[in-house]
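Morning, everyone. I'll take you through one model today, from the overall fold down to a single residue. Please have the sequence and the structure open.

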Amino acid sequence: MSEGIARRGQRVLVIQLLVALVAGALSYALAGAQALNGVIGGSIIAIVLMLMLRFTMQKASELAVESPQTSMSIMYVGAVLRFIMVLVMFAIALGGFKLLPTYTVGGFIGIMIVGVVFSRSNDSGRPISKTDLN
């Protein structure tokens, strides 16, 4: 199953990067360099979280058959780490780099929505068998 997760993750990453570039260009054209920095900062936060989720899902799916309890533990720890990382990265972006909050949060939300929408797929990574009815 981790192959399917990797394929979807790669596709979603490319789409997120393209949308981030387009959103950055539009924000620069409409509101200037500070808006561009905010959108790019929020986009980077969203992309890092997506990469962390992808890594966690791959590790959990590899261990799911051998040790379901360990697989669930990996998922829970991954969720906690992503939550902490989003707080730390926003603190750095807004407090450290002084990015504009509206554009940073907007870029983050936009790229997260793109990730959710484009991660929906029927490709689970399982080998196609003759017993599947779908």
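**Fold, core and pocket**

Take the contacts in the protein between residues at least 6 apart in sequence: 72% of them join residues at least 24 apart. Contact here means heavy atoms within 4.5 Å.

A word on the source. This is a predicted model, where local features need pLDDT of at least 70, side-chain atom pairs count only at pLDDT 80 or more, and totals for chains, interfaces and linings use all residues. Residues are numbered from 1 along each chain as its sequence is written, and side-chain values use heavy atoms, with hydrogens and water left out.

Now the fold. The protein has four helices and zero strands. Along the sequence the pattern reads α-α-α-α. Helices (H or I, at least four residues) and strands (E, at least two) are DSSP runs, numbered from the N terminus.

How much of the protein is buried? Buried residues are 32% of the 134. Buried means under 20% relative accessible area, exposed over 50%, partly exposed in between, with a 1.4 Å probe and protein chains only.

Next, the largest nonpolar core. That term covers buried Ala, Val, Leu, Ile, Met, Phe, Trp, Tyr and Cys residues joined through side-chain atoms within 4.5 Å. This core has 15 residues, and I45, L49, V86, F90, F108 and I111 touch the most other members. Two or more residues come from each of α1 (2–31), α2 (33–63), α3 (68–96) and α4 (101–119). α2 gives the most, five residues. In soluble globular proteins, nonpolar side chains tend to be buried together.

Look at I111. Leaving out residues up to four places away in sequence, I111 touches Q16, V19, A20, S43, A46 and I47.

On to A93, in helix α3. Why does A93 count as buried? Because its relative accessibility is 6%. With residues up to four places away in sequence left out, A93 touches I45, K98, L99 and T104. G38 is 55 residues from A93 along the chain, and their C-alpha atoms are 8.2 Å apart.

Last, the lining of the largest pocket. Which residues lie nearest the pocket's centre? They are M50, L53, R54, G115 and S119, out of 15 lining residues. A pocket, on a 1 Å grid over the protein atoms alone, is an open set of points where a 1.4 Å probe fits, with protein on both sides within 12 Å along at least five of seven lines; lining residues have an atom within 4 Å of a point. α1, α2 and α4 each supply at least two lining residues.
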